[in-house]
Amino acid sequence: MKAFLHFSSFILLANFSFAATWHKGNTHVHTKLCGHADSTPEVVAQWYHDHGYNFLILSEHNKYIDPTTVKLSGEIRDDFLMIPGEEVTGPVHSTAMNVSRLVPWDFKDKNRTKVVQWQVEQTKKAGGITILNHPNAPIIRPAELYPVKDLYLFELYNAHPHTKNFGDAHRPSTSSLWNALLDKGMTIYGVASDDSHKFARWDEKYDNPGRGWVMVRSDELSSDAITLAMNKGEFYSSSGVILKKVIVGKNRIEVQVDEKETSRELASKFLFGRSVKKGKPGTFIEFIGPGGEVLETISGNEATRVTKEDYMRCMITHRVKKEDGSLREYYAWTQPVFTDGR
Ligand SMILES: [Zn+2]
Ligand SMILES: [Zn+2]
């Protein structure tokens, strides 16, 4: 009987992963209303609508844009949703996702643990959840985040060219920050977003859209359902790689790259990937455990790994040699599987 139960729960899990719908979304973008971006809320929302996104947050600096005031034109898809939000912009920036009103931002303190906690609380009071934004600009140390309660999301990959996701001589990568937080027992998930300000001029050096996004698994496309799914880690993040299968089970992760959809994403003229100096072109899948240790690397488009470690996450790299000889990397990141009861 026990074996039967295990077998049937596996089938349910597998069915769930294929049947539930994936929704492509961006949680972070700016408009003219902040004074340093170039397009109106209508133009920005229209761009995401026309490029196949399923949801968008117009996360303006300390301004609440009511989605019902933003009018789209042409034939409007019914699978496009605008989730209300704001970028709470104080000494630390965070996206207030799915809030019903303006969230205050004016609390200042040298202690940034207090600042983040205050933003989390204020966002909660307005009915939403917090995504901590671009933690490498300015740098937030792991120790400043350990004590924060009810923070489940942070930007692992912010596509703005100045946000130093991969670290530099002065700071470790956002991946290292994630490892440190997970090592300390936090339950926290990695988000990819655009943080774009420019829709009128296009170049690799500009903060244009279409370079970082999340794929959220939810049966329903509503603000509450998407927000809840993200806060529970029911999503993966991407800077170009699309997955056909993602199973984050009890003690294992199984992934399969969707080659066709990934090629379609990479054909975008807005997506440049990360420039790297060395490595062979191809796709490889890394399983990462405590201390940031790479537990296993598999070349190819699919992999499964069962773990005995406290947690494990998976990063998929697709490396391409361009016509000009340069090497570019595109990624997908799954959320961690936790086996230590958190
Ligand atoms: Zn910001
Ligand atoms: Zn921003």
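This is a predicted model: local features need pLDDT of at least 70, side-chain atom pairs count only at pLDDT 80 or more; totals for chains, interfaces and linings use all residues.
Strand 12 (residues 252-257) is joined to strand 16 by 5 bridges, and the two run antiparallel. Within the pair, Q256 stands opposite E302 of strand 16.

The pairing belongs to an open sheet of 3 strands, ordered 11-12-16, with antiparallel pairing. Strand 11 (243-248) and strand 16 (302-306) are the edge strands; each has a single partner strand, so one side of each is left without a neighbour in the sheet. On average, and with direction ignored, neighbouring strands of this sheet are turned by 0 degrees against each other.

The next level up is the division into domains. The protein splits into domain 1 (21-238) and domain 2 (240-342). Their C-alpha centres are 22 Å apart. Across the boundary, 21 residues of domain 1 are in contact with 21 residues of domain 2. On the side of domain 1 that touches domain 2, the elements giving two or more residues are helix 5 (174-183), strand 8 (189-193) and strand 10 (235-238). By residue class, this side of domain 1 consists of 8 nonpolar, 10 polar and 3 charged residues.

For L56, the contacts can be listed by residue. Leaving aside residues up to four places away in sequence, L56 touches G25, N26, V29, A45, Y48 and M82.

K278 is found in the loop between strand 13 (274-276) and strand 14 (282-288). Is K278 buried or exposed? The count of other C-beta atoms within 10 Å of K278 is 6. The cut-off for an exposed residue is 12 or fewer, and K278 is therefore exposed. K278 also pairs a sequence separation with a distance in space: K278 and S326 are 48 residues apart in sequence, and their C-alpha atoms are 9.3 Å apart.

Conventions
Residues are numbered from 1 along each chain as its sequence is written. Chains are lettered from A and ligands numbered from 1 in the order in which they are written. Two residues are in contact if their C-beta atoms, placed from the backbone, lie within 7 Å. Two strands pair if DSSP finds at least two bridges between them. Helices (H or I, at least four residues) and strands (E, at least two) are DSSP runs, numbered from the N terminus. Axes are lines fitted to C-alpha atoms, for helices over the stretch in contact, and angles run from 0 to 180 degrees between N-to-C directions. Domain bounds come from an automatic or database domain assignment. Ala, Val, Leu, Ile, Met, Phe, Trp, Tyr, Cys and Pro count as nonpolar, Asp, Glu, Lys and Arg as charged, and the others, Gly among them, as polar. A residue is buried if 20 or more other C-beta atoms lie within 10 Å of its own, exposed if 12 or fewer, and partly exposed in between; C-beta atoms are placed from the backbone.
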